[in-house]
Amino acid sequence: MDPQKNKLFVLRNRINEADDIATFKFMPVKGKNLPFIAGQFVNVYFLDNRCGGQGKPYSISSIPSDKFLSITVKKIGKFSGALHDLKIGERVKITEPQGYFCPENQMKNIVFLAGGIGITPFYSVIKDYFSKKADKNLFLFYGNKTKKDAVFLKELSDLAKSWERLKIINAFTREPILPSDKKCVTISMNVKNEFKRIDVKMLKKHLKNLNNKHYFICGSIGFVTDLWKELKENQIKEDYIRVESFY
Amino acid sequence: MEDKNNKQTKGDVVSNDKYKEESWVYSGIVKDHFFNPRNILLDSDALYEADGIGVAGSPACGDMMTVWIKINPETKKIKECKWRTFGCASAIASTSMMSVMVTENGGMDIKEAINLKPQQILERLGGLPDRKFHCSVLGHIALRESINDYLKKNGSAKK
């Protein structure tokens, strides 16, 4: 990371996505937005001594062609709490985007496994591919407690409705209104709802075949480690799995 | 009669930590790598001619890690992986294990090493408590940075 490439950004807009999750849209104070690859993250720093001058990494939820840079943040700690208190017009310092959690050109069949707020890098990647009408087959398994907790649910469903290359399986573990038999419900041609946690059994059911696919897992340590282990137990090679954990 | 073994003496740490009952026992492998860390750079780093250098963490946060690598230019495998840290026991043990994993059996291909996961390191270590997970990522972030540094110097950086 090159500290010379840190830039000043100003908060232009804030969108409340769920009870404790909001998207913050920043614009560069001077010049152009930072170039990045969808899936990368940035470190955010306050300009004053809030949080002891330390920064925190957040996945970018906007796409490289956007004029703004957005992050979607769950209020879970001191830093994210201070970010949620940020006022429109306030400035922050944002570092050069970094990270390797980005699909490569040669990957054609990509499976995204998101646990809760772990959706943010995938949201950027999926929107980016959609904007380019990329020659990829994308499968998103998106785990949440309830529909209320799931950010970008409608936006993702709308993308899947208008792009047959994207298939979404939402997995709700504590949804209060369940179908009587708790079975999979088809929402649209490319969107289905399950009512249990994501596991390899669910992947096999919807993917038919686990082979010839690249898996990207993002979520809590437990979510990522469990799915990584299960995929390995099912003979998926390490080269075909990428992980990112929130801790 | 008071049990002498349970008697508290001055200097004992007494806490009502909610995690008190939870197992904090490190595996024998973690202890071994903490007490006998492999591949630490003990000499001056100015004397070590590395092909790539990576730094992770920040002194302000309390954890700092530097990794130096030497690459076989023909096979693109890691020949040597040296490191130095200002970090905790978990960071030391996991980076020590990581340095073994990337140099054993003739060295790990840099493409494979860049995708090395904390989960793989923890599996070899026999696990760490979840709340020590963040300590285990320092080494592998610094390793990625060192590989990226090598690629930049050799004109094929990904970023």
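Reader: What's the strand order in the open sheet of six strands in chain A?
Author: This is a predicted model. In it, the six strands of chain A run in the order 4-3-6-1-2-5, and the pairing is antiparallel.

Reader: Which strands are at the edges?
Author: Strand 4 (56-59) and strand 5 of chain A. Each pairs on one side only.

Reader: And the twist, on average?
Author: It averages 40 degrees from one strand to the next.

Reader: How many bridges between strand 1 and strand 2 of chain A?
Author: Eight, in the antiparallel sense. A:N13 has A:K25 in strand 2 of chain A as its bridge partner. The two strands form a hairpin, with two residues between them.

Reader: What about strand 1 with strand 6 of chain A?
Author: Strand 6 covers residues 91-94 of chain A, and four bridges join it to strand 1. The two run antiparallel. A:L8 stands opposite A:K93 there.

Reader: And how many bridges hold strand 2 to strand 5 of chain A?
Author: Six, again with an antiparallel pairing. Strand 2 spans residues 21-28 of chain A.

Reader: Strand 9 and strand 11 of chain A: parallel or antiparallel?
Author: Parallel, joined by four bridges. Strand 9 is residues 166-172 and strand 11 is residues 191-194 of chain A. The bridge partner of A:I169 is A:K192 in strand 11 of chain A.

Reader: What's the domain assignment of chain A?
Author: Domain 1 is 3-94 and domain 2 is 109-246. Their centres, taken over C-alpha atoms, are separated by 25 Å.

Reader: How many residues does the contact take from each domain of chain A?
Author: 14 residues from domain 1 and 12 residues from domain 2 of chain A. On the domain 1 side, strand 1 (7-18) and strand 5 (69-74) of chain A are the elements that give two or more residues. By class, that side has six nonpolar, six polar and two charged residues.

Reader: Now chain A against chain B. How many residues from each?
Author: 13 residues come from chain A and 11 residues from chain B. In chain A, helix 5 (221-233) and strand 13 (241-246) are the elements giving two or more residues to that contact. The chain A side divides into five nonpolar, five polar and three charged residues.

Reader: On to chain B. At what angle do helix 2 and helix 5 of chain B pack?
Author: About 40 degrees, with the axes 7 Å apart. Helix 2 is residues 89-103 and helix 5 is residues 133-153 of chain B. That angle makes helix 2 of chain B oblique to helix 5 of chain B.

Reader: Left-handed or right-handed crossing?
Author: Right-handed, for helix 2 passing helix 5 of chain B.

Reader: Which residues meet there?
Author: From helix 2 of chain B, B:S90, B:A91, B:S94, B:T95, B:M98 and B:V102. They meet B:C135, B:S136, B:L138, B:G139, B:H140 and B:L143 in helix 5 of chain B. The contact has six nonpolar, six polar and no charged residues.

Reader: What about helix 2 with helix 4 of chain B, what angle?
Author: About 100 degrees, and the axes are 9 Å apart. Helix 4 is residues 118-125 of chain B. Helix 2 and helix 4 of chain B are therefore roughly perpendicular to each other.

Reader: Which residues meet in that one?
Author: B:A93, B:S94, B:M97, B:M98 and B:M101 in helix 2 of chain B meet B:I121, B:R124 and B:L125 in helix 4 of chain B. By class, that contact has six nonpolar, one polar and one charged residues.

Terms used
Residues are numbered from 1 along each chain as its sequence is written. Chains are lettered from A and ligands numbered from 1 in the order in which they are written. This is a predicted model: local features need pLDDT of at least 70, side-chain atom pairs count only at pLDDT 80 or more; totals for chains, interfaces and linings use all residues. Axes are lines fitted to C-alpha atoms, for helices over the stretch in contact, and angles run from 0 to 180 degrees between N-to-C directions. Angles under 35 degrees count as roughly parallel, over 145 as roughly antiparallel, 65 to 115 as roughly perpendicular and the rest as oblique. A crossing is left-handed if the near helix is turned anticlockwise from the far one by less than a right angle, and right-handed if clockwise. Two residues are in contact if their C-beta atoms, placed from the backbone, lie within 7 Å. Ala, Val, Leu, Ile, Met, Phe, Trp, Tyr, Cys and Pro count as nonpolar, Asp, Glu, Lys and Arg as charged, and the others, Gly among them, as polar. Domain bounds come from an automatic or database domain assignment. Two strands pair if DSSP finds at least two bridges between them.
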